[in-house]
Amino acid sequence: MELVSAGIGLTLWIVISLFALILPIICLVSILKNDFKNNDKLIWIIVVIFLPILGSITYLFIGRKKRLNR
């Protein structure tokens, strides 16, 4: 007995792949548009580039709070 049919599995794989590609891009755009203290902007860019999924999620939960208000 299969847990997931081939069609559903392929669709799930495509959705997860798109999420893995789009999330870091959204985070990088957000980082580049906003101001941070000292070298925090560079550090967040490096984290998101080298750890795309984990770095992006970390930025969304921690890094967005560190942005400077204009």
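Colleague: Leaving aside neighbours within four places in sequence, what is Leu60 in contact with?
Modeller: In this predicted model, Leu60 is in contact with Leu23 and Cys27.

Colleague: Where is Leu60 placed?
Modeller: Leu60 sits in helix 3. Its relative accessible area is 32%, so Leu60 is partly exposed.

Colleague: Back up a bit. How many helices and strands are in the chain?
Modeller: The chain has 3 helices and 0 strands. The pattern along the sequence is α-α-α. The chain is more spread out than a compact globule, because its radius of gyration is 16 Å, well over the 11 Å that the globule rule gives for 70 residues.

Colleague: What does the C-alpha trace span along the principal axes?
Modeller: About 55 × 20 × 15 Å.

Colleague: And how much of the chain is buried?
Modeller: Buried residues account for 20% of the 70 residues. The chain exposes about 5,600 Å², and 72% of that comes from carbon and sulfur atoms.

Colleague: Which residues make up the largest nonpolar core?
Modeller: There are 8 of them: Leu23, Cys27, Ile31, Phe36, Trp44, Ile45, Val48 and Tyr59.

Colleague: Which helices each supply at least two residues of this core?
Modeller: Helix 1, residues 6-33, and helix 2, residues 40-50. Tyr59, also a member of the core, is in helix 3.

Colleague: Is Tyr59 buried or exposed?
Modeller: Tyr59 has 0% relative accessibility, so it counts as buried.

Colleague: What does Tyr59 contact, leaving aside neighbours within four places in sequence?
Modeller: Cys27, Ser30, Ile31, Phe36, Trp44, Val48, Arg64 and Arg67.

Colleague: Different topic, the surface. Which residues form a nonpolar patch there?
Modeller: The patch consists of Leu10, Trp13, Ile14, Leu18, Leu21, Ile22 and Ile26. Together they have about 740 Å² of accessible area. One of them, Ile26, is found in helix 1.

Colleague: What is between helix 1 and helix 2?
Modeller: A loop, and Asn38 has its place in it. Asn38 is at 78% relative accessibility, so it counts as exposed.

Colleague: What is the phi of Asn38?
Modeller: Positive, about 45°, although Asn38 is not a glycine. Most residues other than glycine have a negative phi.

Colleague: Now the end of the chain. Where does Leu68 lie?
Modeller: In the segment after helix 3, which runs over residues 52-61. Leu68 has a relative accessible area of 39%, so it is partly exposed.

Colleague: What does Leu68 contact, beyond neighbours within four places in sequence?
Modeller: Leu68 is in contact with Asp35, Phe36 and Lys37. Phe36 belongs to the largest nonpolar core.

Colleague: How far apart are the C-alpha atoms of Leu68 and Lys37?
Modeller: They are separated by 7.1 Å, and the residues are 31 apart along the chain.

Colleague: Last one. Of the contacts with a separation of 6 or more, what share comes from residues 24 or more positions apart?
Modeller: Such residues account for 50% of those contacts.

Terms used
Residues are numbered from 1 along each chain as its sequence is written. This is a predicted model: local features need pLDDT of at least 70, side-chain atom pairs count only at pLDDT 80 or more; totals for chains, interfaces and linings use all residues. Side-chain values use heavy atoms; hydrogens and water are left out. A nonpolar core is a set of buried Ala, Val, Leu, Ile, Met, Phe, Trp, Tyr and Cys residues joined through side-chain atoms within 4.5 Å. Buried means under 20% relative accessible area, exposed over 50%, partly exposed in between (1.4 Å probe, protein chains only). Helices (H or I, at least four residues) and strands (E, at least two) are DSSP runs, numbered from the N terminus. Patches are made of residues with over 30% relative accessible area and no salt bridge: like charges are joined within 9 Å, nonpolar side chains (Val, Leu, Ile, Met, Phe, Trp, Tyr) within 5 Å. Accessible areas come from the Shrake-Rupley method with a 1.4 Å probe; for residues, only the protein chains shown count as cover. A salt bridge is a side-chain nitrogen of Lys or Arg within 4 Å of a carboxyl oxygen of Asp or Glu. The radius of gyration is taken over C-alpha atoms; the globule rule is 2.2 Å times the number of residues to the power 0.38. Contact means heavy atoms within 4.5 Å.
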